[in-house]
Amino acid sequence: MIAYPAAMDIRQLRYFLAVVEHGSFTRAAAMTGRTQQALSKGIAALEQQLGARLFERGSRGARPTAVGRLLLDHARTADATLRTFEQRLHELQTGTEGEIRIGTGPTAAGSVVAPAVLALRAAWPRLGVRVTGGVLPELLPALLARELDVVVALDTMLETDPRLHRDLLVNDEYRIMASSSHPLAGRAELTAANLLEHPWVMGRRLGEVEAQFRQRFVDAGLSPPVQSLESSSLDFVRTLVRDGGYLTLLPSRLVHVELGSRQWTQLDVAGFSWERPLVVYTRLGEPQSDPQARLLQALRNAAEQAA
């Protein structure tokens, strides 16, 4: 029978979980804000305590051994339980109703997340809310690193990380957008060749949508737009579309104000529209805190009203 102290060090268990989640000591150290030496030392101490190796280290990273896999579920449960206690203790000491940390993409921020937060704060005014904006490929690592509790964004990824749970809220459509005064506005039977006659400004890291966008030009025997500008700033894109005659590819919900006021228009080009789901991501297999459960319901309500 293995002899080890009854109380394990929770920091070592969290180091262990970080290495499992990120697949290597280097990435785990970067995501936890620890040095690789400190993280390796913590894992080594845990292995010594258990009398068994927890990882097989190789050129492709670190994979849990049989003992590591056995420890994994118990470590996750212990970590989730302790985090729940820490949250409840914080609520008791501060008189708050908990905290929820939300990562949101540009489309979700105004159309779904903001209405959900307003509804939450109306019902639970002492609930702490922190919202971080970004694009999906940057927000999901923060969710896996436990820096965020949920992520709400248009799903533009080719694959979903198996450690994440994904719930559909509503669908949106990527379309070619232009100013209503643009030379192509209102024209019928536009082609891919027409789109190449004008400058483009694109959003950052559009994933599968951008890949399909470029493929449409290739299928038509054309080269995709070259020397297009790229920006994560919606204000920058708005200005170029309004004042510079640029075309862009954006979700309809993101610019519903411009479309509703007829400042912008959607160009009808065969094959150049892509429906994508607006989804909420959480970590798979973890119990929901009360604030998280409240937020998820508020997001569903907001999505239904926005549909």
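Arg146 counts as buried, because its relative accessibility is 10% (buried means under 20% relative accessible area, exposed over 50% and partly exposed in between, with a 1.4 Å probe and protein chains only). This is a predicted model, where local features need pLDDT of at least 70, side-chain atom pairs count only at pLDDT 80 or more, and totals for chains, interfaces and linings use all residues. Residues are numbered from 1 along each chain as its sequence is written, and side-chain values use heavy atoms, with hydrogens and water left out.

- Most residues other than glycine have a negative phi.
- Arg146 is not a glycine, yet its phi is positive, at about 65°.
- Arg146 lies in the loop between helix 6 (136–144) and strand 5. Helices (H or I, at least four residues) and strands (E, at least two) are DSSP runs, numbered from the N terminus.
- Glu189 is not a glycine either, and its phi is positive at about 55°.
- Glu189 sits in the loop between strand 6 and helix 7.
- Is Glu189 buried or exposed? Glu189 is exposed, because its relative accessible area is 75%.

- Helix 6 is mostly covered, with 7 of its 9 residues buried.
- The buried residues of helix 6 are Leu136, Pro137, Leu139, Leu140, Ala142, Leu143 and Leu144.
- These buried residues pack against helix 1 (10–22), strand 3, strand 4 (128–133), strand 5, strand 6 and strand 11. Contact means heavy atoms within 4.5 Å.

**The whole chain**

- The protein chain has 11 helices and 11 strands.
- Its C-alpha trace spans about 80 × 50 × 25 Å along the principal axes.
- Of its 307 residues, 44% count as buried.
- Take the contacts with a separation of 6 or more: residues 24 or more positions apart account for 75% of them.

**Nonpolar cores**

- A nonpolar core is a set of buried Ala, Val, Leu, Ile, Met, Phe, Trp, Tyr and Cys residues joined through side-chain atoms within 4.5 Å.
- The largest nonpolar core has 41 residues. Those with the most contacts inside it are Leu195, Phe213, Leu249, Leu267, Phe272 and Leu299.
- Several elements give two or more residues to this core, including strand 3 (99–104), helix 5 (106–123), helix 8 (208–219) and helix 11 (290–306).
- What does Phe213 touch, not counting residues up to four places away in sequence? Phe213 touches Ile176, Trp200, Met202, Pro225, Leu249, Phe272 and Trp274.
- A second, separate core has 19 residues, among them Ala28, Leu46, Leu50 and Phe55.

**Trp200**

- Trp200 is in the loop between helix 7 and strand 7 (201–203).
- Trp200 counts as buried, because its relative accessibility is 3%.
- Leaving aside neighbours within four places in sequence, the contacts of Trp200 include Ile176, Leu195, Phe213, Tyr246 and Leu249.
- Trp200 and Ala116 are 84 residues apart in sequence. In space they are 33 Å apart, C-alpha to C-alpha.

**Helix 5 with helix 11**

- Two packed helices are described by the angle between their axes and the distance between the axes.
- The axes of helix 5 and helix 11 come within 8 Å and cross at roughly 125°. Axes are lines fitted to C-alpha atoms, for helices over the stretch in contact, and angles run from 0 to 180 degrees between N-to-C directions.
- Helix 5 is therefore oblique to helix 11. Angles under 35 degrees count as roughly parallel, over 145 as roughly antiparallel, 65 to 115 as roughly perpendicular and the rest as oblique.
- Ser111, Val112, Val113, Pro115, Ala116 and Leu120 of helix 5 meet Arg294, Leu295, Ala298, Leu299, Ala302, Ala303 and Ala306 of helix 11.
- The residues of this contact divide into 11 nonpolar, 1 polar and 1 charged. Ala, Val, Leu, Ile, Met, Phe, Trp, Tyr, Cys and Pro count as nonpolar, Asp, Glu, Lys and Arg as charged, and the others, Gly among them, as polar.

**Helix 2 with helix 3**

- Helix 2 (residues 25–32) and helix 3 (residues 36–50) pack at an angle of about 110°, and their axes are 9 Å apart.
- The two helices are therefore roughly perpendicular to each other.
- Phe25, Thr26, Ala28, Ala29 and Thr32 of helix 2 make the contact with Gln36, Leu39, Ser40 and Ile43 of helix 3.
- The residues of this contact divide into 5 nonpolar, 4 polar and no charged.
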